[in-house]
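Here's a quick tour of a protein fold, written for someone just starting out. Have a look at the picture first, then read on.

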Amino acid sequence: IATSRYPDVLTTALDHKMLLWNSKMLRSKENPEVKVLKMLQRAEFVGHTGQLESISLSPSRRQFCAGGWDYKVHFWELDELDEVTQIQPSALEPENKRPKRNVPNVPAALSLSGHTDRISSV
């Protein structure tokens, strides 16, 4: 899902994770004429303990919620992310030569419980 802060993208997977990525066009060191799209992880949204089934952005695209197999719905605020999370590695350096980045774990701002089965839609 694309967020209000293009070029950010929010993803979910079967690994219980929700990740926020920042896309950036970089020039190749070997050939400056070539541009490469790099996706760099900015944040991990934590709180769910089961597989994620559904995610939804608010109309403002600044808040989102997710539900899944842990019978809960969690809400997060994208505006609470610190701009420091947009650290970018040097253009096209091999991953093992990049400095380690601390990707923040962002806890849910609000959690709802009460369902007795997985959440299939939010």
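Phe75 stands opposite Leu110 in E8, in a pairing where four bridges join E6 to strand E8 (residues 110-113) and the two run antiparallel. A quick word on terms: strands (E, at least two residues) are DSSP runs, just as helices (H or I) need at least four, and both are numbered from the N terminus; two strands pair if DSSP finds at least two bridges between them.

Keep in mind that this is a predicted model, where local features need pLDDT of at least 70, side-chain atom pairs count only at pLDDT 80 or more, and totals for chains, interfaces and linings use all residues. Residues are numbered from 1 along each chain as its sequence is written, and side-chain values use heavy atoms, with hydrogens and water left out.

- Tyr71 is partly exposed, with a relative accessible area of 36% (buried means under 20%, exposed over 50%, partly exposed in between, using a 1.4 Å probe and protein chains only).

**The open sheet**
- Four strands line up in the order E1-E2-E3-E7, with mixed pairing.
- Strand E1 (8-12) and strand E7 (105-107) stand at the edges with a single partner strand each, so one side of each has no neighbour in the sheet.
- E2 and E3 pair in the antiparallel sense over 10 bridges, and Leu19 stands opposite Glu44 in E3.
- His16, in the loop between E1 and E2, is another non-glycine residue with a positive phi, near 75°.

**The nonpolar core**
- Which residues touch the most other members of the largest nonpolar core? Of its 13 residues, they are Met18, Leu20, Phe45, Phe64, Trp76, Leu78 and Leu81.
- Such a core is a set of buried Ala, Val, Leu, Ile, Met, Phe, Trp, Tyr and Cys residues joined through side-chain atoms within 4.5 Å.
- The elements giving two or more residues to this core are E2 (18-27), E3 (35-46), E4 (52-57) and E5 (63-68).
- Trp76 touches residues including Met18, Phe45, Phe64, Ala66 and Val106 (contact means heavy atoms within 4.5 Å), not counting residues up to four places away in sequence.
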